[in-house]
Amino acid sequence: VKTILVPPLVDSNDPKWIVNNHAEIIVLQLIYAGSPFSVKCKETAKDRLDKILISLERLKEEGYKFQMHVVGIHAADLLFAFPLLETTLKSLGSSIIFYGILPHPEVIQLLKGSDYSIFLRDDSLVTRAGFPTKFVESITCGIPVLTNNSSNIAEFLVNGENGFWIDISNQESIYKSLQKAFDVTPEKLLKMKRSCYQSAMFDYRNYLTAFQSFLNEQDQI
């Protein structure tokens, strides 16, 4: 069967994706946007927000300055799934903001104002089925991604250029991977953001030739 494999695509000329300038980096801004788990079935967590926050707590204790924006759930939802995180959330204090569910345009605006987009996923049937749209949206907005190798992200993420791989082998490796990303100079990070944005990696125009070839092959069957 003739097939074509493409990631989720966007029209990067759509006004909602346009970024005029990336803001100067003063306090590192991170964002997680999504639904990490079903509130009705907390055992099937898709994104491991809990592991991210545990490492962020340690980074804050060691003097790192950052703001973590969590879109898609409230703090109460997170504590329902992971009640042991109550101490972590208290330690993070004003360094973490929960927004709950927001309209998509508002999420994109928050994304544009961030320095890193972050999500971690365990290897499962759920995480292998499909491609994370949050990765596409982040790169399109010029925001480097901190994540682990899931789906076929490895075909698109270049470590140190448009994001950083996070080693999720254990909590210590997550912390060290995040520390490396946090230690990037503001100049280097701005360069990464510009590189992400200018790549237009997921613009549909980059796939027109592949689609045309696919359709021509169908005509010949």
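**Exercise 1. Identify the side-chain contact of Thr140 and classify the exposure of this residue.**

Step 1. In this predicted model, a polar atom of the Thr140 side chain lies 2.7 Å from the backbone oxygen of Val136. A polar contact requires N or O atoms within 3.5 Å.

Step 2. Thr140 belongs to helix H6.

Step 3. The relative accessible area of Thr140 is 8%. Buried means under 20%, so Thr140 is buried.

**Exercise 2. Determine where Ile101 is located and whether Ile101 is buried or exposed.**

Step 1. Ile101 is placed in the loop between strand E3 (96-100) and helix H4 (104-112).

Step 2. Exposed means over 50% relative accessible area. Ile101 has 74% relative accessibility and therefore counts as exposed.

Step 3. The C-alpha atoms of Ile101 and Ile73 are 6.2 Å apart in space, while the two residues are 28 residues apart in sequence.

**Exercise 3. State how many aromatic pairs the structure holds, then describe the pair of Tyr64 and Phe182.**

Step 1. There are eight aromatic pairs in the structure.

Step 2. Tyr64 and Phe182 form one of them, with 5.9 Å centre to centre and 75 degrees between the planes. Planes over 60 degrees apart count as edge-to-face, and the pair of Tyr64 and Phe182 is edge-to-face.

Step 3. Tyr64 lies in the loop between helix H1 (49-61) and strand E2 (66-71), and Phe182 lies in helix H7 (residues 171-182), so the pair ties together parts that are 118 residues apart in sequence.

Step 4. Phe182 counts as buried because its relative accessibility is 9%.

**Exercise 4. Describe the pair of Phe135 and Phe202 and the cluster to which these rings belong.**

Step 1. The rings of Phe135 and Phe202 are edge-to-face, at 5.9 Å centre to centre and 85 degrees between the planes.

Step 2. Phe135 is in helix H6 (residues 133-140) and Phe202 is in the loop between helix H8 (186-199) and helix H9 (208-220), so this pair ties together parts that are 67 residues apart in sequence.

Step 3. Phe135 counts as buried at 0% relative accessibility, and Phe202 likewise counts as buried at 0%.

Step 4. Ring pairs link Phe135 and Phe202 with Phe131 and Phe156 into a cluster.

**Exercise 5. Find the rings over which Arg58 and the charged end of Lys134 lie.**

Step 1. Arg58 lies over the face of Tyr175, 3.6 Å from the ring centre.

Step 2. The charged end of Lys134 sits over the ring of Phe119, at 5.3 Å from its centre.

Terms used: Residues are numbered from 1 along each chain as its sequence is written. This is a predicted model: local features need pLDDT of at least 70, side-chain atom pairs count only at pLDDT 80 or more; totals for chains, interfaces and linings use all residues. Side-chain values use heavy atoms; hydrogens and water are left out. Helices (H or I, at least four residues) and strands (E, at least two) are DSSP runs, numbered from the N terminus. Buried means under 20% relative accessible area, exposed over 50%, partly exposed in between (1.4 Å probe, protein chains only). Rings of Phe, Tyr and Trp (its six-membered ring) pair if their centres lie within 6.5 Å; planes under 30 degrees apart count as stacked, over 60 as edge-to-face and the rest as tilted. A charge sits over a ring if NZ of Lys or CZ of Arg is within 6 Å of the ring centre and within 35 degrees of the ring normal. A polar contact is a pair of N or O atoms within 3.5 Å; within protein, one must be able to donate a hydrogen and the other to accept it, and residues adjacent in sequence count only if both atoms are side-chain atoms.
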